[in-house]
2 protein chains.
Amino acid sequence: VGILADVIDVLGRDDLRGRIGRELAAFLTERTAELAEISGDLGAVATTIRDFVLDGGKRLRPAFGYWGWRGAGGAAASDSAVVRAVAALELVHACALMHDDVMDGSATRRGAASVHERFADLHRSAALAGSPASFGRAAAILLGDLTLVWADEMLAACGLPIEAVVRARPAYDAMRTEVMAGQYLDVLAQAQPSVSASTALLVARYKSAKYTVERPLHLGGLLHGCPVALLTCYSAYGVPVGEAFQLRDDLLGVFGDPVVTGKPAGDDLREGKRTVLIALTLEHAPPAGAAVIERLLGDPLLDTAGVQTMRGAIEDSGARRRVEALIAERLQQGVAALAKGQVEPEASAALTELAELSAVRHA
Amino acid sequence: VGILADVIDVLGRDDLRGRIGRELAAFLTERTAELAEISGDLGAVATTIRDFVLDGGKRLRPAFGYWGWRGAGGAAASDSAVVRAVAALELVHACALMHDDVMDGSATRRGAASVHERFADLHRSAALAGSPASFGRAAAILLGDLTLVWADEMLAACGLPIEAVVRARPAYDAMRTEVMAGQYLDVLAQAQPSVSASTALLVARYKSAKYTVERPLHLGGLLHGCPVALLTCYSAYGVPVGEAFQLRDDLLGVFGDPVVTGKPAGDDLREGKRTVLIALTLEHAPPAGAAVIERLLGDPLLDTAGVQTMRGAIEDSGARRRVEALIAERLQQGVAALAKGQVEPEASAALTELAELSAVRHA
């Protein structure tokens with residue numbers, strides 16, 4: 001989260017963050033009215049989606065979508081239609097997070113109660129019949145579904161010419177299929193006795209890199225009608241830079257300062273995440289080090305001493321250094337590809353800064 | 001299910017059922033190839049969605065969509081693009097069913113294992129780590145999400161002119177919001193200590209009538225560019241007829257012959273469904289009859305004698321007769337509205353037959 005605060009500053013040019021938030025608020029206000037016409041009992045649904053979408057979120061995907069548009073020659077001040085189109089990505093992401101929390105059974109999200117917990121609370125405070133947990137899960141599944149269909153509606157009705165939206169749809173469609181596929185591969189990887197670094201990297205590519213960086217850039221570029229060469233350039237930048245983001249996130253999940261990350265130290269270790277970092281540790285550690293990891297990984301009661309022991313084993317295996325090298329390599333590769341492409345200068349500068357920020361050590 | 005077998009015969013004109021199935025198969029073959037390119041591990045995802053969509057389903061929503069098109073003057077043999085467009089509704093429905101089974105914890109669907117059970121089995125047979133049930137639920141949530149986004153993709157790429165698809169989108173969007181809202185209201189109703197007949201009817205309207213009949217008719221009509229008067233006529237037919245379908249379903253869930261319904265006798269009573277039938281029973285039964293219902297409703301171990309006792313209380317309260325009257329009233333209303341509208345004759349005949357079939361007593 002720490003690193004991303006800086007990222008947002010870069011993405012905040014053109015008051016982008018504020019504009020995205022305002023477009024989302026306006027769209028959700030219309031949807032709230034639509035639900036209210038059906039039944040007053042839908043008030044909690046509308047309010048929860050609204051709070052979830054507006055109270056947090058780094059707007060990273062809309063921002064890449066916007067710079068994809070700008071990079072293709074789209075005007076900064078042109079219109080709110082582009083901002084509306086890319087803001088739709090935030091609704092896809094809200095669905096992914098709501099459903100992810102149900103799948104993981106996570107009680108919190110962005111420091112507040114997760115959606116299923118909010119509805120379990122509603123169930124308890126209204127003394128309803130049946131299980132609060134089941135009610136909460138059912139509500140969160142439906143709210144996620146609703147947010148996903150609204151995303152689609154927001155993109156379709158963004159106000160750009162129909163042909164622009166139709167032209168950009170392949171990127172949007174690919175993004176949605178890829179993130180669901182990546183999420184499934186992640187769930188499957190977490191259930192394996194062991195995961196290779198290449199599998200962990202494949203998950204990161206679909207679940208994070210293509211979803212967060214490459215496809216949003218494509219969407220923005222296609223909305224402006226960019227040539228294929230620019231899409232190729234965006235891929236050559238977006239995939240490695242997106243992977244670098246995820247690899248940095250993996251390092252922060254283990255070595256990150258809680259003050260910077262906003263999460264307890266070693267949280268990923270307690271959750272037992274099968275990241276590239278863990279895979280590389282197990283591939284290179286001596287038997288004793290590997291045994292430490294296998295024994296402690298995923299222990300929900302892992303204490304500070306346990307976190308320290310695991311950090312030592314990871315460090316000693318050379319995995320931390322290897323991941324830093326992978327990040328540096330990807331950063332260089334992405335920025336070089338960007339420099340070679342025909343990206344409009346201001347966008348190129350913003351995207352270069354973003355990539356570099358992703359490589360800063362915050363631990 | 002029994003009544004719907006007849007319904008399908010009517011809807012089978014123009015080899016509609018076969019054509020819908022073939023369009024879905026072709027679309028899913030393309031998506032399977034797309035997933036296979038990402039990872040071989042996605043084979044189970046593709047196969048399960050394919051089996052789920054192709055092995056069963058009454059194709060009721062695509063069929064109403066098709067007759068909506070025909071009723072507006074669309075040609076029978078014109079093209080497969082219309083069939084592709086309306087077949088997308090079947091994918092929306094597949095998502096709704098997969099997610100519904102997760103929410104209810106239902107182990108079976110259409111006589112086979114539900115999607116989350118299939119993935120729990122996969123987890124067990126591959127001896128994966130963690131809980132098979134959690135893995136199954138996560139997979140079913142993601143498969144539903146994927147099917148929902150594919151629906152959208154199938155409609156957008158159906159091959160009709162872009163303007164036709166754009167024109168029809170409001171019906172499609174309304175349908176998706178309404179079914180999610182209806183599902184939430186249903187979950188909420190099931191958690192109430194008591195539900196009024198008017199609330200139960202509101203749930204039936206959004207969850208079933210508008211979703212299954214009215215909006216698919218609108219979608220088909222709008223794809224052909226029908227006038228507003230025809231949409232009004234479709235609503236005046238579709239809402240009451242769709243409610244009649246649901247009310248008949250409620251009666252079958254309590255009084256239906258297992259041979260006809262394909263479900264154990266009194267299944268809705270065991271599940272504790274708060275239907276219009278139950279609401280009317282509780283509103284009109286003498287205290288002793290109401291007490292029987294309150295005591296036995298939702299008892300998962302309810303035996304044949306218990307089902308008989310409850311049937312007696314429902315019958316004695318006059319609720320069965322009242323629901324039959326509501327069905328007859330809605331049927332008459334819907335058919336009269338259809339006759340007054342400017343619906344193309346063959347479509348009008350098919351829709352009239354469908355409405356009448358919905359009123360046949362199969363118990």
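Let's start with helix H15 of chain A, which covers residues 304-317. Its 14 residues reach 20 Å from the first C-alpha to the last, close to the 20 Å expected at 1.5 Å a residue; the expected span is 1.5 Å times one less than the number of residues. Helices here are DSSP runs of H or I with at least four residues, numbered from the N terminus. Bear in mind that this is a predicted model, where local features need pLDDT of at least 70 and side-chain atom pairs count only at pLDDT 80 or more, while totals for chains, interfaces and linings use all residues. Residues are numbered from 1 along each chain as its sequence is written, chains are lettered from A and ligands numbered from 1 in the order in which they are written, and side-chain values use heavy atoms, with hydrogens and water left out.

Which residues of H15(A) are buried? They are A:Gly306, A:Val307, A:Met310, A:Arg311, A:Ala313, A:Ile314 and A:Ser317. These residues cover an arc of only 160 degrees around the axis, so they sit on the same side of H15(A); the arc is taken from the directions from the helix axis to the C-beta atoms. Buried means under 20% relative accessible area, exposed means over 50%, and partly exposed is in between (1.4 Å probe, protein chains only). An α-helix has 3.6 residues a turn, so residues three or four places apart point the same way. On the face turned away from the buried side you'll find the exposed residues A:Thr304 and A:Asp316.

What do the buried residues of H15(A) pack against? In chain A, their partners are helices H10 (228-255), H12 (267-271), H13 (276-284), H14 (287-296) and H16 (319-340), with contact meaning heavy atoms within 4.5 Å. Just after H15(A) comes A:Gly318, with a positive phi of about 85 degrees.

Further along chain A, helix H17 (residues 345-359) holds A:Leu351. At 0% relative accessibility, A:Leu351 counts as buried. Leaving out residues up to four places away in sequence, A:Leu351 touches A:Phe64, A:Trp67, A:Leu217, A:Tyr237 and A:Leu338.

Now hop over to chain B. Helix H9 (residues 197-223) of chain B includes B:Thr212, which is buried at 7% relative accessibility. The B:Thr212 side chain makes a polar contact with the side chain of B:Arg61 at 3.2 Å. (A polar contact is a pair of N or O atoms within 3.5 Å; within protein, one must be able to donate a hydrogen and the other to accept it, and residues adjacent in sequence count only if both atoms are side-chain atoms.) Helix H5 (residues 80-104) of chain B contains B:Ala94, also buried, with a relative accessible area of 4%. Beyond residues up to four places away in sequence, B:Ala94 touches B:Phe52, B:Val53 and B:Thr147.

The contact takes 47 residues from chain B and 47 residues from chain A. About 4,400 Å² is buried between the chains, with carbon and sulfur atoms giving 75% of that area; buried area is the accessible area (1.4 Å probe) that two parts lose on being put together, summed over both. In chain B, the residues losing the most area to chain A are B:Ile38, B:Leu142 and B:Tyr184, together 15% of what that side buries.

Technical notes. Helix = DSSP H or I, 4+ residues; strand = E, 2+ residues; numbered from the N terminus.
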